Structure formats: C-alpha cells, structure tokens
Amino acid sequence: MSNLDRDNSLSKPTDWREWLKDLVRYKDTTLIASALAENLETIYKEFTFLDGDIVVASHPKSGTTWMQNIVSLVMNDGNPEKVQGQLLYLRVPWLEGKEDPECDCGYKLLEARSSPRLMKTHVYGPLVPRAMLDKAKIVYIVRNPKDVAVSYFHMHRAYQFLPYVPWDEFITELFLPGKLLYGPWHKHAIYWWEMSKSHSNILFLHYEALVKELKANVEKLAAFLGKKLTADAIEKVVEESFFTSMKANKEVNYSQVSVMGHEISPFIRKGKVGDWMNYFTTEQNRLFEQKFKAWMAQSDLQIDFV
Ligand code: A3P
C-alpha cells in the first residue's frame, strides 16, 4: 500500500531512502508507487476508453495542471461560467491516481461520465493502454528537465506524502538517475515524442512555447480538439490561463488539497522558464549537460532551457 492511499493525518516520510523502497519499477519501465501500479492493472483489465475521450499526458511537473485548465476551458467554449464551482482536478481527473486522498481514484470518477470525458495521466508511453491510443485525443506537454527537476524538488518539500530531499541529493541521486515517480524524465519525453510522430491523435506541446506564445498554442489546441472558438472565447481561455490568474483561482490552484502543503510551497509556484539557474551549481549543470547529451543522442526532440 502506498502513502497515496492514506489519509490526511499522514505524517511526512522522514527517510527518503526508505520511501524509495515503496516505488516499483513497473513492467521494467517507469518508477511508480505500488498503489498506482495496482490502479493501472485495474485500468488495463476493466476501464473502457470511449471515442471522444481527451487526455492530458505528461511527466510530472511539466505544466500538466496548466494544460488541464486550458483543455477544460476550450472544451467549455472558453466560457469560465460553465466550469464555475467545479474543481479542476475533478473536471479533469488523474486517470491512475487521485490528488485528494478523500476522493475516488480518477478512473472510478470517469467511469460514471459520458463523452467527451477529460482526464490526465502521467503514464509512460509504452504503458499507455491500446484503447486509449485508438480512441482518445491526447495532448502531451513536455518541459525542459532542469526546470522539471526544480519544480519536482519543491513538490517533495511541500507534499505530505513525499519526503523532503536536500537539493544536492535530489538532483544527483534521484532526478538524474531517474529514481522519482514516473522517472526517468528522458524516457518519458522521448517515447511520447516518438509516438506523436506516428499518431495524428497526439498533439505534442512545449511548456516553454506556451510561456512565449500562449494564444497561438491555445488556438492550435482548439483546432486539434475540433473546437471552433470565437476570438473572444480564445482570449478568455488565455486570460484564465495566465500564471497569475491560475495562482489566484481556488478552483484550479489545488488550495483545497491540504496534503499538498501549500504553506511550504504553493502548487502554482513560480511558472518560469529558467528557474533552474537559481538552483544548479556549476558542477551539477555540467553533470546534467553530460547526461542530457547522452539521453538525447538518438533523438531529434528539441528542448529550450531558457
Ligand atoms: P513551478 O514549480 O516551476 O512553478 P504540473 O502541473 O505538471 O505538476 O506542473 C506544475 C508546474 O507548472 C509548476 O511549475 C507550476 O507553477 C507551473 N504552472 C502551473 N500553472 C501555470 C501557468 N498558468 N503558467 C505557467 N506555469 C504554470
């Protein structure tokens, strides 16, 4: 049983090396908590994907919530009133997990819904259920791994069910060797990138591009999802998806989920490209660059770090 299944009274794991033992290398690929592995097994056996399902897929800390908000607004005609009062993580549930220990796992919430259902997943490409690939439209968001690492570090600092790991150990002993939930990053990103080349129902977007050109990316997404929105509606989606708007919006900023430890580090934290420069030492950056070069040797996936 994973900490993800326990209740709000859970105390933060104190020994991260002990905590690591709960993660399983699922089907020899990605590291996930045993509860997530169990949920995935159930999804493979029992969950029915429907034509019209829309999936936001990502490695954690890549702008998933941002994309969930955009997709949800686009699918609701750019009209925030249509989603008013609905928490984002319930509008777009996490297929194989749950953000709030008091809620049902995402696939259970989704079973009761009709098309078009919105969901998010962090599942690594080779583990994606065949039916999802056949039936759903999938939006994958990738983010440069240095900023992913920093954002992930803060999540570990804040979350009640994740252990605090000092930055030096976090980057060298956990992130780079791919020992975090859903790691390693490069396999996740590259596999999905390759899948997106052969599947027209996968749209591959970059966090850094969204930061630079939010409107153009919202338009691209709307076209991919087959939604014809007016210029005003697109503008509304953009406004509601600005970092400052999302940070202030209690329906999307996860402030309702106390296990996330917002008082230590808010979930919608900084939203910058290049925050990694405030964390990486020269030596850590050298090590990272060396690894990154090796990871990307066989791939044409382009990543912007600044
Ligand atoms: P930082 O911790 O670097 O600020 P995920 O949803 O995949 O866990 O990703 C979380 C990251 O996305 C956090 O990064 C968060 O601040 C950032 N984010 C969320 N909403 C955003 C927005 N509207 N604009 C830019 N970044 C956003």
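**Helix α12**

I started with the outward side of α12. The face turned away from the buried side of this helix carries Ala-231 and Asp-232, both exposed. I was working in a predicted model.

Then I asked which residues of α12 are buried. In this helix, residues 231-241, they are Ile-234, Val-237 and Ser-241. I checked how they sit around the axis. They cover an arc of only 60°, which puts them on the same side of α12.

**The core**

Next I looked up the largest nonpolar core. It has 76 residues. Which of them touch the most other members? I noted Ile-70, Val-71, Val-74 and Val-139.

Leaving out residues up to four places away in sequence, Val-74 touches Val-218, Leu-221, Ala-222, Leu-225, Lys-227, Leu-229 and Val-237. Val-237 was already in my notes, as a buried residue of α12.

**The hairpin**

I went to the strands β1 (residues 23-26) and β2 (residues 30-33). They run antiparallel, and four bridges join them. Val-24 stands opposite Ile-32 in β2. The two strands form a hairpin with three residues between them. In the turn I noted Lys-27, with a positive phi of about 45°.

**Two cis bonds**

I searched for cis peptide bonds. One joins Ser-115 and Pro-116, with omega about 0°. Pro-116 lies in the loop between α5 (106-111) and β4 (118-121). Another joins Gly-183 and Pro-184, again with omega about 0°. Pro-184 is in the loop between α8 (167-175) and α9 (185-198).

Tyr-182 came next. It is placed in the loop between α8 and α9. Its phi is positive, about 75°, although Tyr-182 is not a glycine. Is Tyr-182 buried or exposed? I counted 25 other C-beta atoms within 10 Å, so Tyr-182 is buried.

Tyr-254 also has a positive phi, about 65°, and is not a glycine. I found Tyr-254 in the loop between α13 and α14. Tyr-254 has 20 C-beta neighbours inside 10 Å. The cut-off for buried is 20 or more, so Tyr-254 counts as buried.

Tyr-279 was my last stop. It sits in the loop between α13 (243-248) and α14 (282-296). I found 18 other C-beta atoms within 10 Å of Tyr-279. A buried residue needs 20 or more and an exposed one has 12 or fewer, so Tyr-279 is partly exposed.

Which residues does Tyr-279 contact, leaving aside its neighbours within four places in sequence? They are Val-150 and Trp-167. I also checked Tyr-279 against Lys-146. The two are 133 residues apart along the chain, and their C-alpha atoms are separated by 9.4 Å.

Key: Residues numbered from 1 in each chain as written. Predicted model: local features only at pLDDT ≥ 70, side-chain atom pairs only at ≥ 80, totals over all residues. Pairing = 2+ DSSP bridges. Contact = placed C-beta atoms within 7 Å. Core = buried A, V, L, I, M, F, W, Y, C linked by C-beta atoms within 7 Å. Arc of directions from axis to C-beta.
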